[in-house]
Amino acid sequence: MTIFDEVNRWEKTEGAYIFSSIIDVSSPVILDYGCGCGNYSFAAANAFGRKCKVYAVDINKQCLEYISVKAKDEKINCIIPVEGKEDYRHDFDSEFFDLVIYVDMFHGEEKTYNGLHRFVMIEEAKRTLKDGGILAVLPFHLSNFRDKNKKKCKYSYKKLIEEISEYGFKYIEKDLQGIHFEKVYSSYYQQKGGVTFDSLERGKFLIFEKK
Ligand SMILES: C[S@@+](CC[C@H](N)C(=O)[O-])C[C@H]1O[C@@H](n2cnc3c(N)ncnc32)[C@H](O)[C@@H]1O
């Protein structure tokens with residue numbers, strides 16, 4: 001079994017469980033913003049028996065192409081790849097989504113607003129979620145965050161929860177773990193001999209309801 005087989009298995013089992021356990025809507029409309037290779041988009045599609053719509057947004061066209069090919073191979077029609085914009089804003093209508101997913105998106109990036117994109121993304125989640133809709137955040141690289149003054153600082157889950165709550169979200173404590181898939185697709189780690197599925201970093205999903 002390759003690591004990609006294990007990732008596919010995760011998307012159909014533990015990954016799907018994350019989303020089926022946080023929303024109780026039979027055909028939800030979902031946004032996975034900065035979806036990368038789409039592991040969380042596929043997990044969400046599997047969570048709802050593929051009766052949902054998952055908008056998988058990324059600025060990297062290669063990621064979108066990878067997702068299109070994989071969805072076709074797996075005969076999944078409910079994932080819609082969409083190209084993102086530089087400014088992290090998007091054209092989806094207000095109160096459009098039941099669930100917004102942000103995985104590994106909040107740490108500082110030198111090229112794009114020095115990390116301030118996080119605040120735009122929280123505003124966009126607030127705008128585009130329906131009332132009672134769910135924001136699911138899986139943060140990594142917490143030591144490489146920036147505050148509103150663009151100053152590098154170490155974040156904790158508590159600090160991030162307080163920050164997101166200030167935008168009009170209610171935190172809901174759930175014991176849900178997600179996986180940091182970055183190394184699976186990294187040529188650096190592939191050249192070094194690859195990584196094992198079990199060695200991938202795990203992190204806590206922070207779940208919020210739009211008030
Ligand atoms: C660290 S990766 C996270 C990928 C994915 N969420 C995951 O955890 O597997 C960050 C992703 O954000 C995408 N990205 C960067 N800027 C973006 C933007 N302005 N709009 C949409 N996606 C963007 C990158 O192309 C990359 O795929």
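Start by selecting strands β5 (residues 129–138) and β11 (residues 206–210), which run antiparallel and are joined by 4 bridges. Strands here are DSSP runs of E with at least two residues, helices are runs of H or I with at least four, and both are numbered from the N terminus. Two strands pair if DSSP finds at least two bridges between them. Now click on A136: its bridge partner in β11 is I207.

A word about what you are viewing: this is a predicted model, where local features need pLDDT of at least 70 and side-chain atom pairs count only at pLDDT 80 or more, while totals for chains, interfaces and linings use all residues. Residues are numbered from 1 along each chain as its sequence is written.

Look for V100, which stands opposite L135 of β5. Because 7 of its 10 residues are buried, β5 is largely enclosed by the rest of the structure. (Buried means 20 or more other C-beta atoms within 10 Å of the residue's own, exposed means 12 or fewer, and partly exposed lies in between; C-beta atoms are placed from the backbone.)

Now move to helix α4, residues 61–73. Select its buried residues, C63, L64, I67 and A71. They cover an arc of only 95 degrees around the axis, which puts them on the same side of α4; the arc is that of the directions from the helix axis to the C-beta atoms. Turn to the other side and you will find K61, Q62, E65, V69, K72 and D73 exposed.

Finish just after α4 at K75, which takes a positive phi of about 55 degrees.

Technical notes
The expected span of a helix is 1.5 Å times one less than its number of residues.
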